[in-house]
Amino acid sequence: MKISDLIALLKERLRDVIVGIEEMPNNDVMLEIKRHDLLPVLTTLKKDKELGFISFTNQLGVDYGDSFAVIYNLYSFALGNKLTVKVFLEKDNPEVDSVERLFRGANWFERETYDLLGIRFKGHGNLERLLLPSDWEGYPLRKDYVYPEEYHGMALKRKTLFEE
Amino acid sequence: MTEFLSDEMVLNMGPHHPSTHGVLRFILQTDGEMMRRAIPDVGFLHRGIEKIAELLPYQAFMPYTDRIDYLASICCNFGYALTVERLAQIEVPEKAEYLRVISAELTRIGSHFVGLGALLLDLGAVTPFVHALREREVYNDLMESLCGARLTHNYVRIGGVSYDEPPGFREKTRRFIDHIEYEFLDEFNELASFNTIFINRMKNVGVITAEDAIEHSLVGPNLRGSGVKHDIRKNDPYSIYNRFNFDIPVGHGKFGTMGDCYDRYWVRVEEVMESCRIIRQALELMPETGPVRTKLPRVFKPPKGEIYVRTECPRGEMGFYLISDGGKNPYRLKIRTGSFSAAAMIGEVSQGVMVADLVTIIGSFDVVAPEIDR
Amino acid sequence: MHNLAEIIYQFLAGRFGQSALLEPVFTLAAYLIPCIVALSLVSVISGLLTYFERKVSADIQNRIGPNRVGPYGIFQFIADGVKLLMKEDIIPDAADRFLFRIAPYIVLSSTFLAVIVVPFGGPFIIADLDIGLIFIVVVSSLVVVGFLMSGWASNNKWALLGGIRSAAQMISYEIPAALSLLTVILITGTFSMQQIVMKQGPWPWDWFIFHNPFTFVAFFLFMISGLAEINRLPFDFPEAESELVSGYNTEYSGMRFGIFFLAEFANIFVSASITATVFLGGGNIGLDPYTSGIAPQLFMVLVFFAKVVPLCFVTIWVRWSLPRLRLDQMMSMCWKYFIPLSFSCLVLTALWLLAFNGNGVFWRISG
C-alpha cells in the first residue's frame, strides 16, 4: 500500500487518538499517540481486518533529554507496510502499559527497555533486568547516566574511551 | 518464581555448557530426563554496543557492528551502512552494491554452515561439522582476499565498500559456489540431513505454528521454518536484491509436522542454495570497473531524523532504528536481532521436552549469543 | 582346561621343586603374573586403539591427526598417558571421596577381567574357563556399578544423570547381547571360549555367523547391542558431551579420567574380540591350537587380530559418522525390537538344530 493511502486509512481508523502522523524515510509511517491510548491503539492495529499489523518487529526506548519515548515498529503482512508508533513519557515517571499480552514477542523487548532505560511497563508479568546483573544500579542508556567506578570490586571505568 | 514438585531438580545449563553456542545460560527444572521448563538467562555477552554507538562518530561505529553477529559480520555492516545511507540519502556506486550483495550472500553461506554443523555437533555427529567448517575455510579465504580479514570483516563502509575486488575473485567465487551447490551439499545431505537417526531426532520436536511464530516475533529462517513466506530481501527489498531471481524456501513439514526442528534446519540448507543462485547472478551482472566508494565529508553529519531499516541477516531480520540529532554521533541506535526473539522463544517451546531435545531446539534456532546481548 | 596360572605354577614347581617354603611364592607368582599380563595387554591395546581412532577419525574428517610423537605419531598415546599422569588429580570438595576414588578402578577391573577369557588365537589365553562366555557377560555388567558410583560420588547433577543413563542403558542392552550370544551356545553346547573357537573352522562357511539365518541376525544384534554396551555412538548417552557436558566423568581429571578412557577403549577391543571369537571363528586355522608348532600358533594370533581390527574399525567408523539417538528412542529400540528379535533368534535356532540335526546351512560343503 502506498504511504499516503496508509496515512489516510490510519487517520480514518484512529481519528480521535492521533497526536501526529507523518511520513518517515524508508517507506515508513510515524504515528504519535498519547501514553494512555497505547494499548487500545495497538489492539486496533493488530485486530483490525484491513490493517492487520500482527508482526511486532521492534521496540525501543529513547531518552530525548526532557522526556522519554517508547517506539514500536510493527509490520503488516497483509498490507506489506511498516508502521512506527511513538509514545512520549514524562521524565520523572516513565511508565507505560505493557503490550506483552497483545504481542507475546514483546516480553523480552520490554524487559530490555526496562533494563537499559528504566521505563516501567505496567502489567508485564516478569519485569526484571534482562541483560544487566540484577543488582546493577542505574540505567545505562539514559543520557544522564554516570558510569560507576566499580562493580563488586572490579574497576569498570576506562578513561580513554568514555572521558569526554 | 515457580513452585517446585518434590521430585524435581534444578539443573544449571551453561554459561559454559558445550552446546549453548556461546555463553547462554538455561535454568532447567527437570524430573530426571524430562524437563518441565527451561528459563533462558542471557546477558553474559552484553557489551553495550548501543551505548558505544552514541559515543562514536558514524563511521567509527562500523567495526562494532562486526561484533553483533561475528558469524555474519558483513550482513551487520551492510544493515548499518544502509541505515545511515538512507537517512543521509547517500548514493552508493553500482559496483559497490554488487560487492555488498556478493559478500553478504557469501557470509550467509558461511554462517549457515556453522549453524548447520553446530546443530549436528549437538546431536553427536562431529564429522558433518568438520566438513562444513572445511568449506567455510574456503569462504574465509575468499573474504580474506576481498578485505584482508577472516572473521570480523568490516568491509562495508558508509557509501560503499572498502576495497575493490582482487584479481581472480570472480573465478574463485564461482568455483566455490559451484562446489557448494553441486558437490558439497549433496554430500552433506547424504552424510547428515537424510540420516534416519538425525531425522528421528529432529522431526516433531519443538513445533512452532505459523501463528505462534509471528506472535513471538520470530524472524528469518525460524519464521520461514514455520511456513511463513517472509523474507526482507523480497518483501521489502533493499540494495539491489530486486534485480535477482531467487525463491524463499519455507518449511512444509518435510518429515514431520510443519514448523518442527527439521523444517528450520532444512530451510537453512535450501537458503544456502538460494544464496548460491544470487551470487551467480550477481557475478554475471557486476560491472567490470567503477568506483566502489562515495566520498564522504571528513566530519560526517546526517540530517536530523529517525529511520528504521531492516535487512535479512542469516539469523533473521536485523533492524537498525537510528535517531540522528544532526550531530556527528548517532543520538540513539537500537539494533534488533534475530537471535533475541529466538532466545526468548526457546523458553516457550521447550516446556515438557527431554533434555536432549532442548539441545536440538537450541541448535535448530541457530542462536548466537553475542547477537542476543549486543 | 587351559589356565595360565596353573601352567606357571607347574613350571615353577618343576623348575625349583615342590617345597612347603616356596609354595606361597609360587602361588603368588602364578596369580600375579597373569594379572600383570592382562593389565598390560589392556593398556597397550587400548592405547593403540586411541591412536587408531584418532587416525581414522582424522581421515574421515579430512584432517591429519596425530603426527608429532614418533613415526606417524604412533607414540601419541604414550605422550597422552604421561600427560594424564602428570596432571593434578582434583577431587571436588563435596564429593564422596572414597567412592570417587575407587569408581575408575571398578570400571577398569571389569574390562580387565573380561580380557582373561579372551582367546588371542592358538594357546594364548590367560584362563580358558569352562563358563567363559557367561563370565564375560557377568563381569562386563560390573561396569554399571562403577559408572553409577562415579556419577553419584561426583556430587554433580550432570554426572548423576550420566550414571543413571548408563545403568538404564547397559542393563537393557545386556539382555539382547546375552540372548544373541546364547544362539551360538545352543550350537556349541559349551561356554568355553577355546571350545567355541575350535568348533568353528578356518573358512567363512565354518563360522557360526553363517551357520543358519538366525545366527546371522544374532551377529548384527550383538554388534549393535555391543555398541550400546560399550557406550559408543550412536549410544554414547552416559557421556553425551553435548547434553551432559561429559556425563559420569565430568568431575574427573588426570589419571582417574585416564582410567575411564582406558576402560572405554579396552571395551571396544573386548567387544570386537567376543564378536570375532563367537561368530567369526576367532583364530581358528584348522589346526589344533595346543599341539601344533609355534609358527602355526603365531599365525592363529595373526588371524585373530585380522578379524578383530576390522571390527574395531567398524566401531570407530560408526562413531564418527552417525548422530546420537535420543534416550527414549534408544530404550524403545531395545525393548520393542531387540529383545523380541534376539529371543526369537534363540528359539528359531533351537528349532533349526532340532530339524536339521544340528547342522548348519553349509554343512555339506564343510563336510
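Biologist: Which way do α12(B) and α13(B) lie, roughly parallel or roughly antiparallel to each other?

Modeller: To read this, compare axes, which are lines fitted to C-alpha atoms, for helices over the stretch in contact, with angles from 0 to 180 degrees between N-to-C directions. Angles under 35 degrees count as roughly parallel, over 145 as roughly antiparallel, 65 to 115 as roughly perpendicular and the rest as oblique. In this model, the axes of helix α12 (residues 338-349) of chain B and of α13(B) cross at roughly 155° and come within 10 Å. The two helices, α12(B) and α13(B), are therefore roughly antiparallel to each other.

Biologist: Before we go on, how should I read the names and the model itself?

Modeller: Residues are numbered from 1 along each chain as its sequence is written, while chains are lettered from A and ligands numbered from 1 in the order in which they are written. This is a predicted model, in which local features need pLDDT of at least 70, side-chain atom pairs count only at pLDDT 80 or more, and totals for chains, interfaces and linings use all residues. Helices (H or I, at least four residues) and strands (E, at least two) are DSSP runs, numbered from the N terminus.

Biologist: What is the mean pLDDT of chain C?

Modeller: The term pLDDT is the predictor's confidence in each residue, from 0 to 100. Where pLDDT is low, the predicted coordinates should not be read in detail. For chain C the mean is 84, and 98% of its residues reach 70 or more. For the complex, the predictor gives an ipTM of 0.86 and a pTM of 0.86.

Biologist: Back to our helix pair: is the crossing of α12(B) and α13(B) left-handed or right-handed?

Modeller: A crossing is left-handed if the near helix is turned anticlockwise from the far one by less than a right angle, and right-handed if clockwise. Here α12(B) passes α13(B) in a right-handed crossing. On the α12(B) side the contact uses B:A342, B:M345, B:I346 and B:V349, and on the α13(B) side B:I361, B:I362 and B:F365. By class, the residues of this contact are seven nonpolar, no polar and no charged. (Ala, Val, Leu, Ile, Met, Phe, Trp, Tyr, Cys and Pro count as nonpolar, Asp, Glu, Lys and Arg as charged, and the others, Gly among them, as polar.)

Biologist: At what angle do α9 (residues 213-229) of chain C and α12(C) pack?

Modeller: The angle between α9(C) and α12(C) is about 150°, with their axes 9 Å apart. That makes α9(C) roughly antiparallel to α12(C), and their crossing is left-handed. Residues of α9(C) including C:F214 and C:L221 meet residues of α12(C), among them C:F338 and C:W352. The contact of α9(C) with α12(C) divides into nine nonpolar, four polar and no charged residues.

Helix α12 (residues 327-355) of chain C also packs with helix α7 (residues 157-188) of chain C, at an angle of about 15° and with their axes 9 Å apart. The helices α7(C) and α12(C) are therefore roughly parallel to each other, and this crossing is left-handed. Its residues are 19 nonpolar, six polar and one charged.

Biologist: In what order do the five strands of the open sheet in chain A come?

Modeller: Strands of a sheet pair through backbone hydrogen bonds, either parallel or antiparallel. Two strands count as paired if DSSP finds at least two bridges between them. In chain A the order is β1-β2-β5-β4-β3, with mixed pairing. At the edges stand β1 (18-24) and β3 (55-63) of chain A, each with a single partner strand, so one side of each has no neighbour in the sheet. On average, neighbouring strands are turned by 20° against each other, direction ignored.

Within the sheet, β4 (residues 67-76) and β5 (residues 81-90) of chain A pair in the antiparallel sense over ten bridges; A:V70 stands opposite A:V87 in β5(A). Helix α2 (residues 38-47) of chain A packs on the sheet, touching β2 (28-33), β4 and β5 of chain A.

Biologist: Which pair of chains shares the most contacts?

Modeller: Two residues are in contact if their C-beta atoms, placed from the backbone, lie within 7 Å. Of the two pairs of chains in contact, A and B share the most contacts. There, 31 residues of chain B are in contact with 28 residues of chain A, and β6(B) gives the largest share of chain B's side, six residues. Chain B's side facing chain A has eleven nonpolar, ten polar and ten charged residues.

For the other pair, 27 residues of chain B are in contact with 22 residues of chain C. On this side of chain B, α5(B) gives the most, with five residues, and the classes are 16 nonpolar, seven polar and four charged. Chain A and chain C do not touch, with their nearest C-alpha atoms 25 Å apart.
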